[in-house]
Amino acid sequence: PPPVGQPCVVSGGKCMCGSTDLSEFRGREIRTPADSDGYRYMFRMCEDITTAQLPEGCQPASGIPPLPHPAVVKWKDDQPMDCTMVGSFGPCPGVTCGMTYQPAANGVAVTWQYEYGCYNTFRIFLAKGHQTAPQAAPFNDPHDDYPCYWALHWASLGAFGGNPTLPGADAETHPVASFFLWLLLIFGLYLCAGARHA
């Protein structure tokens with residue numbers, strides 16, 4: 001399977017991918033535009049997609065257990081029975097699945113997997129921005145080594161009122177504090193230079 005990173009923590013009211021708090025995404029059902037094959041993608045960032053929200057083809061049938069903790073599904077509007085789960089929060093008995101993260105440029109990459117025939121992998125590159133829904137469909141490269149890998153870029157980390165801390169980001173210093181720090185440094189250097197020539 002493709003590399004995915006460290007596990008996110010989704011429990012006890014928390015939705016943390018390392019230092020990035022995604023709690024502001026909780027309770028939101030996100031849908032993408034249709035891709036070139038007519039598939040749309042639905043995902044929830046911090047909790048399972050409910051049975052009522054699932055397209056018909058992903059709902060449990062008689063004698064078939066429900067999908068284990070669905071996070072991402074793809075389906076066709078005109079063929080609701082054509083539905084596949086491509087990501088799960090886990091656990092998934094007997095197969096690989098789960099939600100992980102990796103630092104990414106100006107944000108964080110969140111990945112879900114669900115092993116079903118192949119290693120279905122859905123990765124969202126979350127970046128700074130205020131888009132309340134993805135503006136483009138996920139991209140799947142047919143020539144990629146991982147044929148069941150979809151990627152999506154979404155500038156949404158400020159969309160829902162949150163101010164998540166990004167991986168590797170230091171706390172921002174107030175401009176006035178920065179000015180006084182530089183002034184103190186210059187004054188210290190001046191004193192050192194004066195002491196040498198005294």
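So, R40 and D77: these two form a salt bridge, with the closest N and O atoms 3.3 Å apart. This pair links distant parts of the chain, 37 residues apart. R40 sits in strand β6, residues 39-43, while D77 is in the loop between β7 (70-76) and β8 (79-88). Keep in mind that we're looking at a predicted model here.

How many salt bridges does a search of the whole structure find? Four. Let me walk you through some others.

E29 and R31 are another pair, and their side chains meet with 2.6 Å from N to O.

Now go to R44 and E47. Their salt bridge has the closest N and O atoms 3.4 Å apart. Here R44 is buried, with a relative accessible area of 8%. E47 comes in at 19%, and because the cut-off for buried is under 20%, E47 counts as buried as well.

Okay, next, a charged residue without a partner. D35 lies in the loop between β5 (30-31) and β6. D35 is buried, yet it has no salt bridge. Which side chain of opposite charge is nearest to D35? That's K74, and it is 6.1 Å away. What does D35 touch, then? Setting aside residues up to four places away in sequence, D35 touches Y41, A137 and P138.

Let's move over to the strands. β11 runs over residues 118-127, and seven of its 10 residues are buried, so the strand is largely enclosed by the rest of the structure. What does β11 pair with? With strand β10, residues 107-116, the pairing is antiparallel, over 10 bridges. If you want a spot to look at, find A109, which stands opposite F125 in β11. The β10 and β11 hairpin has one residue between the strands, and G117 takes a positive phi near 85° there.

β11 also pairs with strand β12, residues 149-155, and this time the sense is parallel, over seven bridges. The spot to look at for that pairing is L126, standing opposite W154 in β12.

While we're at β10, have a look at Y114, which is in that strand. Its relative accessibility is 11%, so Y114 counts as buried. What is around it? Leaving aside neighbours within four places in sequence, Y114 is in contact with a whole list of residues, including P68, M85, V86, G87, S88, C92 and V95. Y119 and N120 are also among the contacts of Y114. One more distance for Y114: its C-alpha atom and that of M99 are separated by 9.6 Å, and the two residues are 15 apart along the chain.

Last thing, confidence. The protein averages a pLDDT of 84, and 80% of the residues score at least 70. Where does the pLDDT fall below 50? Over residues 169-190, and beyond near neighbours in sequence that stretch has one contact in the model.

Key
Residues numbered from 1 in each chain as written. Heavy atoms only, no water. Helix = DSSP H or I, 4+ residues; strand = E, 2+ residues; numbered from the N terminus. Buried < 20%, exposed > 50% of the residue type's maximum accessible area, 1.4 Å probe, protein only. pLDDT = per-residue confidence, 0-100. Contact = heavy atoms within 4.5 Å. Lys, Arg positive; Asp, Glu negative; His and termini not counted. Pairing = 2+ DSSP bridges.
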